[in-house]
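Here are some notes for a colleague who has not looked at this structure before.

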Amino acid sequence: MFLKFKSLCSGSSGNSALLWTGASALLVDFAPGSQRDCRAALASARKLCGRVDAVLVTHAHGDHINANSLRVLHEEGLKARCHPEVCRQIGQRHGGKYAAVLSPFCDALTVGEFEVRQARVDHAPGYYTTAFIITASGPGRAYKASVFTDLHGFTGEHVGLAANSDLILLESNHDAEMLKRCGHPGSEFHLPNHKTAAFLHAICAAGAAQPRAVILGHLSADCNQPHLPQEAIEKFFREKGLPVKFKIQVANRYEPGRLITIV
Ligand SMILES: [Zn+2]
């Protein structure tokens, strides 16, 4: 058995990531751009893993789900699975046209080999937003992936849920000093690099083992640079006396990232 991950796109222009085992595949958020972009992303996902079973949606912002992606999911007979309040907010934004696509779940969801739990995170006012904790069990081995895409803070509950993950997709939106200079509106609802570092450190300190892979997503185009989150993480861990044992990948804004395989 294995767990594989590939970021398809990441940032305020659109987010989507693919997580799969040999038997099941999930997209987390789906907003690659135009309808043509959505169809191409879905085709490349199916080429990689043979199938897509469901799309988990973190919240109703248009860079995570939108009219283009809902239309393509409808055409393809795929369901968007999310918290009932997220479903309601997506319906409010896009009308009843895509009601058949939206399929709510509250606490836990089974999709093929995956078990999905969700936890509420603080993000933008008026947008119910969740993180996903996704597990898959095979003979002699269980896999765990945690996805925190949009948030502006974290709690002890989040740390406990994410501890002992094999793979973590986590927002690292902006550098606090760059934000002071550029004053980008809305960035206050996203996680700055130093909080990403603190969250990862707390997760590592709480778990028996560090994650194998960390993917940093949703980097601001104006208030961040790809090397800054890694530097912030290394500095924070160094100050706390904990070695960084995981590999870090910064998710690309428009292009798919490198394939990550956890065996
Ligand atoms: Zn958002």
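**Notes on the model**

1. The protein has seven helices and 14 strands; helices (H or I, at least four residues) and strands (E, at least two) are DSSP runs, numbered from the N terminus. This is a predicted model, in which local features need pLDDT of at least 70 and side-chain atom pairs count only at pLDDT 80 or more, while totals for chains, interfaces and linings use all residues. Residues are numbered from 1 along each chain as its sequence is written.

2. Along the principal axes, the C-alpha atoms fill a box of roughly 50 × 50 × 30 Å.

3. Of the 263 residues, 48% are buried. A residue is buried if 20 or more other C-beta atoms lie within 10 Å of its own, exposed if 12 or fewer, and partly exposed in between, with C-beta atoms placed from the backbone. Among contacts between residues at least 6 apart in sequence, 66% join residues at least 24 apart; two residues are in contact if their C-beta atoms, placed from the backbone, lie within 7 Å.

4. How do helix α1 (residues 35–49) and helix α2 (residues 67–76) cross, and at what angle? Their axes come within 8 Å and cross at roughly 50°. That makes α1 oblique to α2; angles under 35 degrees count as roughly parallel, over 145 as roughly antiparallel, 65 to 115 as roughly perpendicular and the rest as oblique. The axes are lines fitted to C-alpha atoms, for helices over the stretch in contact, and angles run from 0 to 180 degrees between N-to-C directions.

5. On the α1 side, Gln35, Cys38, Arg39 and Leu42 meet Asn68, Ser69, Arg71, Val72 and Glu76 of α2.

6. In α2 the buried residues are Asn68, Ser69, Leu70, Val72 and Leu73. Their cover includes β3 (25–30), α1, β4 (54–56), β5 (80–82) and α3 (84–94). Just after α2 comes Gly77, with a positive phi of about 70°.

7. Gly153 lies in the loop between β10 (141–148) and α4 (156–162). With 13 other C-beta atoms within 10 Å, Gly153 is partly exposed. Not counting residues up to four places away in sequence, Gly153 touches Asp122 and Lys195. Phe189 is 36 residues from Gly153 in sequence, and the two are 8.6 Å apart in space, C-alpha to C-alpha.
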